[in-house]
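Here are my notes on this structure, as numbered points. Please read them beside the model.

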Amino acid sequence: MPTASPAVEIDGLVMAYGDKVAVDGLSLEVTRGSVTAVLGPNGAGKTTTLETCEGYRVPQRGTVRVLGLDPQRDRAALLPRIGVMLQAGGAWSGVRAVEMLEHMASLHAHPLDTRMLVERLGLGDCGRTPYRRLSGGQKQRLGLAIALVGRPELVFVDEPTAGMDPQARRTTWELLEEIRADGVTVVLTTHHMDEAEQLADRIHIIDRGRVITSGTPAELTRGGRSATIRLVVNRPFPEGAPESLRAELGPETEVRQLDEVSMLIHGPADSTTLGRVSRWCEEHGVLPQTLNLGQRTLEDVFLELTGRELAS
Amino acid sequence: MSPHTFAPAPGGASLRRMVLAQSRMEARLMLRNGEQLLLAIVIPVIVLVGGVAAAGRIGIDLDGHRAVDILTPGVLALAVMSTAFTSVAISTGFERRYGVIKLLGASPLPRHGLLLGKVLALLNVVALQLVVLVVVGLLLGWEPTPAAPARTVLGVVLAVALGTAAFAALGLFVAGALRAEATLALANLVYLLLMAGGGVVLPASTYGAASTVIQWLPSGALGEAMRTALVDAGVDGRSLLVLAAWAALGTLLTARTFRWE
């Protein structure tokens, strides 16, 4: 088997619904055996991208290859090799949880032991409950079990822990880490930064249908030469403060006022910058209450790149 | 926990196994659903028992035949119509709505496997309905014509097969074109209208002037074909052709308009 080719290769994907562009020239690669997180706010194009990989949607422009196959043309060859967890639904309203899982298992040649999956995902208590009466978290866990039951090479999980309590969330993360250790490639979408940081080998941050940055969690948060300085002062900034501060700090710096007493300064991570900020405050009659060179989070990365908050 | 529990070993089951699993699942869900069971068994039994009890008093002209001998074939036709049309439309409509068809669309089960599974489930449920209704009919004193058993069996098999095909194709057309709620409403409405005025339970001839139109309806054609087989030991070629035409029309419409999601 040619393991050298990437598990997923998307090149210049464009998808539009009517005149609304959902995916706008998106390109990314997923290495085999890795956990890759596609992180972005709601409506960024995550689900549309996943559904194109899963063969539900025909790319309008660009190419998509999954396990080296075309999800449209090679559908019959591809589908048995992938596992899919939908964002919602997927079961008859009257079907019992375990019955649904066993049915999906019976469509595969070498399914996992469904009892083991039921136990691992804590579905034992609701095994005979009709799907319509399962809680949101139970539906999610059943959906994950369904994605895994056929022993796929590659699983696509769309918002795997949405609606789960913290306990179920941890169990799910452990399970996803274990399947990666066993050689399964995982592609997950999420808008939770902690989920991406915890699980992913590689993160693609997408916004408005494009990948705006990619890297390992460490690469993305290390911040390279620059960093984000968070400044909070004791009284409202004077008029035109961001422009005046930026003039003080130089053209490589970006300054963004968050509210009347706080700003984010993105610039060179050195003591010169901090010194200048401090002097500027003195000159403008405000006293810094917080002036820190932050450990970047993915939230900062997103904020810097888009000027918007990621949190849903 | 043993190591490498999740080590990939992908592959679909054989088509035969998948289709059988799918048909068992669908038949089980159909029989578990109270409303569908009402439609499949309870209403036809009530129509049969009630019809036989009432016929004596009202005195509908049945060309000298006993009521039970005319009504039983009609109720068998009604049972086929209820499952092939109404149940198929409603269950498929909600499968689209709940994303069942979407999820199965990413499984190894191909679309034609899903369709085969549906047909098989449908035939199983129809067979079960016919057994129950035949037993009820016999208990009420039904005596199918003994004239030519081979022709009777041939006529019944063709009528059930073509009737199922015609109604299932029309049911899938409705389910694939409308939203689930609209499908639910329309499928029940059409069922009630055809049961009352579609020549399915009672012979088309009892509807007077409307009878010519009714013979061309799938309900009338199925009812007539069943009665011809079971009352007159005949194969009603014209009604069977009408059913075949409806099946072709329904298949064409479904193929043109059906949306899996």
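**Notes on the two-chain model**

1. Helix α5 (residues 136–148) of chain A lies across β5 and β6 of chain A and runs at about 170° to β5(A). Helices (H or I, at least four residues) and strands (E, at least two) are DSSP runs, numbered from the N terminus. Axes are lines fitted to C-alpha atoms, for helices over the stretch in contact, and angles run from 0 to 180 degrees between N-to-C directions. Contact between two residues requires C-beta atoms, placed from the backbone, within 7 Å.

2. On the source: this is a predicted model, in which local features need pLDDT of at least 70 and side-chain atom pairs count only at pLDDT 80 or more, while totals for chains, interfaces and linings use all residues. Residues are numbered from 1 along each chain as its sequence is written, and chains are lettered from A and ligands numbered from 1 in the order in which they are written.

3. Chain A holds an open sheet of 6 strands in the order β5-β6-β7-β3-β8-β9, with mixed pairing. Strands count as paired if DSSP finds at least two bridges between them. β5 (82–85) and β9 (210–215) of chain A stand at the edges with a single partner strand each, so one side of each has no neighbour in the sheet. Direction ignored, neighbouring strands of this sheet are turned by 15° against each other on average.

4. Helix α11 (residues 298–306) of chain A lies across β3 (35–39), β8 (202–207) and β9 of chain A, and runs at about 140° to β9(A).

5. Strand β7 (residues 185–190) of chain A runs parallel to β6 (residues 154–158) of chain A, and 5 bridges join them. Across this pair, A:D158 stands opposite A:T189 and A:V157 stands opposite A:L188. From β6(A) the chain crosses through helix α6 (residues 166–181) of chain A to β7(A) in a right-handed β-α-β crossover; right-handed means that, with the strands pointing away from the viewer, the path from the first strand over the helix to the second runs clockwise.

6. β3(A) also pairs with β7(A) in the parallel sense, over 5 bridges. Here A:V38 stands opposite A:T189.

7. Is β7(A) buried or exposed? 6 of its 6 residues are buried, so β7(A) is largely enclosed by the rest of the structure. Buried means 20 or more other C-beta atoms within 10 Å of the residue's own, exposed 12 or fewer, and partly exposed in between, with C-beta atoms placed from the backbone. A:T185, A:V187 and A:T189 point one way from the strand, and A:V186, A:L188 and A:T190 the other way.

8. In chain B, B:A121 belongs to helix α5 (residues 111–139). B:A121 counts as buried because it has 25 C-beta neighbours inside 10 Å. Not counting residues up to four places away in sequence, B:A121 touches B:S23, B:E26, B:A27 and B:M30.

9. At the interface, 30 residues of chain B are in contact with 33 residues of chain A. On the chain B side, α1 (15–32), α3 (67–97) and α4 (100–105) give two or more residues, and α1(B) gives the most, with 6 residues. The residues of this side divide into 18 nonpolar, 8 polar and 4 charged. Nonpolar covers Ala, Val, Leu, Ile, Met, Phe, Trp, Tyr, Cys and Pro, charged covers Asp, Glu, Lys and Arg, and the others, Gly among them, are polar.
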